[in-house]
Amino acid sequence: DSTVLILGETGTGKELVARSIHNMSGRSKRAMLSVNCAGFAPSLMESELFGHEKGAFTGAISRKMGRFEVADGSSLFFDEVGELSASAQAKLLRVLQEGEIDRVGGAETVRVDVRVLATTNRDLEDWVKQGKFRQDLYFRLNVIPLRLPSLRERGDDVLELARFFVDMYVREYKLPPVALGDAAVAWLKQYDFPGNVRELIHALERACLAAGQGDLILPGHLPTQMRVAVA
């Protein structure tokens, strides 16, 4: 039930890791809920997380349960937790410390049992020093830190993953068997993949379709930006 902070660049699979942690936990009988911390305006984020009472603000025509109440007994996944406003950070800290929330505009304290899984591609320690993220919240989130390596740090894993995704798209699109040619392999090994696994997946989907009826994926089938970067 410990809080887990999953660190890594964009596209390294942080959400997949969070889902795996949830699915292997005692909370797996209930679905994990997610919140995109960068996807809501600061004025709406607190209502989204903690709910609100009728009349709490303009447009609040009825009581609404927030994500924490809905996720009671399960896990709540915070995608890019570094994007939370200062006010939302303070309320999240209280939930982690006390297991309690207050709906926006409400006087009643609600107890919740939620396991938090959070991700960020930010350097939260640096953000703490800059005053952009609460130090006490950082310590509460950083109980079990997991850092996912970038694709360029994973050596020949890129080729294992590439072959896996090629086979996947051949099956998905019912294509003739196709393999990575030696020249394409050389290009993949040189490229630094700023978008990591997500970029690799999209590049190989395109390559499989571009190869058509051919039996090999060639450098010319890879996205232009990859060929320009390597050249």
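The crossing of α2 and α4 is right-handed. Right-handed here has the near helix turned clockwise from the far one by less than a right angle, and anticlockwise counts as left-handed. Helix α2 covers residues 42–50 and helix α4 residues 86–98; their axes come within 9 Å and cross at roughly 20°. That makes α2 roughly parallel to α4. The cut-offs: under 35 degrees is roughly parallel, over 145 roughly antiparallel, 65 to 115 roughly perpendicular, and the rest oblique. Axes are lines fitted to C-alpha atoms, for helices over the stretch in contact, with angles from 0 to 180 degrees between N-to-C directions. Helices are DSSP runs of H or I with at least four residues, strands are runs of E with at least two, and both are numbered from the N terminus.

A word on the source. This is a predicted model, where local features need pLDDT of at least 70 and side-chain atom pairs count only at pLDDT 80 or more, while totals for chains, interfaces and linings use all residues. Residues are numbered from 1 along each chain as its sequence is written, and side-chain values use heavy atoms, leaving out hydrogens and water.

Now α7. Its axis and that of helix α8, residues 182–190, come within 10 Å and cross at roughly 130°. The two are therefore oblique to each other. α7 passes α8 in a right-handed crossing. With α9, α7 packs at about 45°, the axes 9 Å apart. α7 and α9 are therefore oblique to each other too. Their crossing is right-handed.

Next, the sheet. Five strands form an open sheet, ordered β2-β3-β6-β1-β7, with parallel pairing. Strands pair if DSSP finds at least two bridges between them. Which strands stand at the edges? β2 (33–36) and β7 (144–147), each with a single partner strand, so one side of each has no neighbour in the sheet. The twist averages 20° from one strand to the next. Four bridges join β1, residues 4–7, to β7. Leu7 stands opposite Arg147 in β7.

Last, the largest pocket. It is lined by 19 residues, and Gly11, Thr12, Gly13, Lys14 and Leu16 lie nearest its centre. A pocket is an open set of points on a 1 Å grid over the protein atoms alone, where a 1.4 Å probe fits, with protein on both sides within 12 Å along at least five of seven lines; lining residues have an atom within 4 Å of a point. Which helix gives the largest share of the lining? α1, with four residues. α1 (14–23), β3 (75–79), α7 (157–172) and α9 (196–211) each supply at least two.
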